[in-house]
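The sequence and structure come first.

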Amino acid sequence: MRHFIILSAFLLQIAAISCSCDNGQTAYDPPPPYTADEVEPFKVIGYLPTSAADYTPRWDKLSVINLSFARVKADGTVDDEQVRKVFGDFAEKAHQNNVKVMVSLGGASGSENFNKALVSEDARKKIVEGCVALMEDLDLDGIDVDYEGWDWGDSPGNIPKKEGYLDLITKLRKALGEDALLTAALGGNATESGFYTKEMLDQMDYVTLMAYDKTGSWSSTTGPHAPFWYFESFVQDCIEAGLPLEKIIPGVPFYGNIFPGNKPENARSMSYREIVTEYPGAENKDSIEDIYLWYDGIPMITEKCNYVVANKLGGVMIWQLAQDTDDDARSLLCVIDSILFPED
């Protein structure tokens, strides 16, 4: 089973926090980085959106499932109606299979309202309250923060966002309790630009890297949206930011981007399931260039997983699980499992 165990020594460190800040809040003293002895070698983390309600996870190949998304309203209210409706008893099933369950907060399409809430102290308090209530009601193991509202580059608009993000993460770390997980999905531009400080990252149990969507309808050229060089450079950015290797979990896409007419503005996504169904043999490639389709097939997933193993990273994240094929011989999840856990 792909679950991980945090040692009691780490838990005691969190429980022992007792100093107070000037504002009366309990101060968070981040724990030292994990060591290899404190976690299993690798984690396999898959996102599962509310649109995939009928998907049955391959429990034995997963460590954590991130239910997505609970949206953040402008006033800080956590809009979790769909998550509750679709995944009300999901955690019970997952725990029976030794898989942890988290809710991912935010998402790209929810950025505008999240931006407004992030820079408001009152709204941040509401976010924390909503996350705590959702965790308790659905028996979750933690919260994953997927904030994607950073301005591009070195914009002054990022200054209040960085301050608000740090405050939100700090408040969540205190409020969730010593046994809960707190993680974040990081974007490439934000990481390259240094928006995530060591003070933020030290409070995370681990981070996942959205190492995909390098190209799309927003880009000036067509081409691979998740090339290996991008995957590798993203990891190196995190290492340079001071993250321990075991807390770095790069992501892989279970979908591709196709550019009809070789024009970026025509871009649309195709699930890996659709790709291998429509184009026999596509699983053994990473592109079908005569139709301008790029994706991660078995060769690219193999290369990326081998990199994770060779560099002793924390594991692999997947967006998103329901886009895989059910055929074991072509399944990307099965490839990940076979490389990260060859002796199972």
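## Helix 12 and what covers it

The cover over the buried residues of helix 12 includes strand 1 (43–49), strand 8 (248–253), helix 10 (272–278), helix 11 (298–310) and strand 13 (315–319). Contact here means heavy atoms within 4.5 Å; buried means under 20% relative accessible area with a 1.4 Å probe, protein chains only. Helices (H or I, at least four residues) and strands (E, at least two) are DSSP runs, numbered from the N terminus.

The model is predicted: local features need pLDDT of at least 70 and side-chain atom pairs pLDDT 80 or more, while totals for chains, interfaces and linings use all residues. Residues are numbered from 1 along each chain as its sequence is written, and side-chain values use heavy atoms, without hydrogens and water.

Helix 12 (residues 332–340) is largely enclosed by the rest of the structure, because eight of its nine residues are buried. Among them are Cys334, Asp337 and Leu340. At the N-terminal end, Ser331 caps helix 12, with a side-chain oxygen 3.3 Å from the backbone nitrogen of Leu333.

Four strands form an open sheet in the order 10-9-12-11, with antiparallel pairing (at least two DSSP bridges between two strands). Strand 10 (268–271) and strand 11 (287–288) are at the edges with a single partner strand each, so one side of each has no neighbour in the sheet.

Strand 11 is joined to strand 12 (residues 293–294) by two bridges, and the two run antiparallel. Ser287 stands opposite Trp294 in strand 12.

How values were computed
Buried < 20%, exposed > 50% of the residue type's maximum accessible area, 1.4 Å probe, protein only. Polar contact = N/O pair within 3.5 Å; in protein donor to acceptor, adjacent residues only side chain to side chain.
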